[in-house]
Amino acid sequence: MTTGRSLRVGEALLGGAVLALGLFVAAQTALLKVAPTHAAIGPRLFPFLIATGLIVVGALVLREALFGHVAHEQRGIELDWLAVALVSVGLVAQMLLLEWIGWIPATTLLFLAAARAFGSRRLALDALIGLVLASLAFVTFNYGLGLSLPIGTAIEQLMPAEGE
Amino acid sequence: METLAALGHGFSVALTPYNLLWSALGVTVGTAVGVLPGIGPALTVALLLPVTYNLEPTSAFIMFAGIYYGAMYGGSTTAILLNTPGESGSIVTAIDGHEMARQGRGAQALATAAIGSFVAGTIATVGLTFVAPLLVRLALLFGPAEYFALMVLALVTVTAVLGDSLPRGLASLLFGLALGLVGIDLQTGQARFTLGIPEMLDGIDTVVVAVGLFAIGETLYVAARHRFETEEIYAIKGSMWMSKEDWARSWKPWLRGTAFGFPIGALPAGGSEIPTFLSYLTEKKLTKHPEEFGHGAIEAVAGPEAANNAAAAGVLAPLLSLGLPTSATAAIMLAAFQQYGLQPGPLLFESNPELVWGMIASLYIGNVLLLVLNLPMAPVWVKLLKIPRPWLYGGILVFATLGAYTLNNNAVDLVILWIIGLIGFAMRVLDVPVAPCVVGLILGPLAEQQFRRALSISQGDPSVFFTHPISLAILVVAVLLVLVPIFLRRRRRHADLPAETPAESV
């Protein structure tokens with residue numbers, strides 16, 4: 001895993017991604033319809049400059065990765081992809097469920113997934129701590145600081161005709 | 001004299017019990033969150049933004065000033081006891097600070113960092129008090145061309161001077177600039193790069209990007225790495241107090257560190273990394289115990305930590321008087337101002353003197369509060385370091401998503417947060433610096449506006465940037481800042497090619 005090869009792949013990915021972003025920005029800019037009066041210094045010049053920069057830097061990094069010596073002094077590193085996936089699952093679950101089942105359960109799930117990703121095996125305890133933390137945040141921010149974290153449409157239907 | 005009167009008025013605002021309370025609350029939560037591993041000052045400020053949403057601006061910024069200074073103090077505690085510097089400014093502190101902790105002198109390292117930060121912070125705040133009005137007067141001479149040149153200078157320094165790989169810094173900067181393009185074009189009202197998503201018309205929020213890169217990206221990275229790494233925390237033993245010798249070896253580095261930190265931080269191209277390195281090198285040259293450097297020399301904690309804090313105060317000068325952020329933390333502070341519909345700059349001193357001077361006055365107060373808070377309470381902060389990692393990072397995610405969601409009460413921000421987090425993770429893995437992206441995102445749209453304003457005034461003639469003397473001078477400095485390091489590096493490589501050592505061992 002820690003060979004020059006995986007480093008090269010990383011460099012190539014970085015260069016490719018930057019290059020692709022540059023091309024995307026350039027294409028989007030070219031598609032922008034602009035009123036003719038603004039033609040000289042309209043909303044397209046800056047995006048084009050940025051796109052050019054991205055393309056040049058991306059090409060430089062890519063060239064270095066494919067043909068040059070790997071200049072960057074860094075060893076390739078091992079990564080635990082399962083943990084990354086778990087944290088991601090937690091985040092996606094939270095964003096999908098948040099407005100439906102509400103802040104507290106959705107966020108407890110996120111906490112649980114994150115704790116598991118960091119190797120915790122005490123799921124019940126983790127869930128309890130997540131629940132307490134999410135509830136504390138809900139109470140503090142909704143009642144103390146006047147923000148509105150969602151109660152959840154599903155929950156609201158379960159308890160109709162409450163005072164507020 | 002005018003300045004003193006304004007400052008006096010600021011104190012009368014900051015010293016009301018109500019605002020004093022917010023200041024105390026700010027320094028406390030700032031320190032507490034800043035101490036947590038994985039949370040640097042930039043993220044601390046970003047995560048605590050929602051807390052201030054319902055305050056009126058003056059109190060909010062008094063609290064922010066406290067959070068800002070508190071986060072700097074907290075960050076040094078983490079650097080010393082855990083050897084995980086939360087930002088580039090405390091990398092140097094971590095080297096000898098962590099060695100001291102390993103030798104059981106953690107308490108003294110924390111003490112010299114705290115007292116040094118107090119001394120440096122106070123002197124630098126005095127500096128800020130007098131420099132900011134001067135900068136305001138200077139700023140009145142500036143037109144759009146000069147502002148654009150200044151912004152280029154700031155972007156160049158954040159990108160080129162701080163990182164060790166120019167293409168990587170540029171990639172990060174350009175990514176930030178590209179993100180800044182999203183939304184309605186301010187001059188023509190035209191939507192750009194919104195991909196047809198209505199929530200993107202307002203642009204991508206700097207806070208979401210900062211939290212995504214720093215909190216989500218960092219959490220993903222630590223999650224991916226934590227099986228392969230172990231960390232050691234050293235308990236604080238014995239007396240908190242510094243011996244006579246510790247004092248004797250600390251006070252000069254504090255003052256010299258301040259002398260490096262404030263002026264460099266206050267330059268529109270500043271930042272806190274360079275002064276900390278300069279301070280370290282100077283102390284190493286001047287000390288009677290050079291053999292201790294790298295093995296727990298107290299000077300090597302006292303000097304750089306003072307430099308770091310003085311620079312943190314210095315950075316506020318261009319931020320408040322020119323609206324120019326030169327660090328990731330300052331970029332988020334600027335985003336906070338924009339949330340309140342305020343644009344820092346010369347006009348802010350005119351239109352909102354209460355806010356500006358109240359904030360500056362509260363920096364003096366915050367420093368005193370922090371000294372009181374940090375010396376006796378250090379053991380409490382150390383306990384925060386021992387929070388089990390699964391719960392710590394679970395908690396970071398909870399508050400990161402809370403901050404992103406409450407910005408607009410919109411789940412779309414959570415999607416953006418996650419995507420930016422994945423990108424931040426990739427940047428960490430590929431060793432791409434994050435700060436240029438955040439600064440680029442917030443400065444990009446401002447720079448574009450000034451650029452186009454300058455060109456409309458000159459009726460499309462691009463030579464305005466080179467015929468105005470101030471603008472030309474600033475651009476020349478920017479170019480030199482890029483070229484000189486490249487030139488020096490090349491010469492050094494020619495000079496000692498055979499003796500090339502591995503770059504860093506931090």
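Colleague: To start, is Asp246(B) buried or exposed?

Modeller: Asp246(B) is buried, with a relative accessible area of 3%; buried here means under 20% relative accessible area, exposed over 50%, and partly exposed in between, using a 1.4 Å probe and protein chains only. Keep in mind that this is a predicted model, where local features need pLDDT of at least 70, side-chain atom pairs count only at pLDDT 80 or more, and totals for chains, interfaces and linings use all residues. Side-chain values use heavy atoms, with hydrogens and water left out, residues are numbered from 1 along each chain as its sequence is written, and chains are lettered from A and ligands numbered from 1 in the order in which they are written.

Asp246(B) pairs up with Arg105(B) in a salt bridge (a side-chain nitrogen of Lys or Arg within 4 Å of a carboxyl oxygen of Asp or Glu), and their closest N and O atoms sit 3.2 Å apart. That pair links distant parts of the chain, 141 residues apart: Arg105(B) is in the loop between α5 and α6 of chain B, and Asp246(B) in helix α10. Helices are DSSP runs of H or I, at least four residues, numbered from the N terminus.

Glu283(B) is buried at 2%, while Arg256(B) is partly exposed at 26%.

Shared partners also join Asp185(B), Arg192(B), Glu448(B) and Arg452(B) into one network.

Notes: Helices (H or I, at least four residues) and strands (E, at least two) are DSSP runs, numbered from the N terminus.
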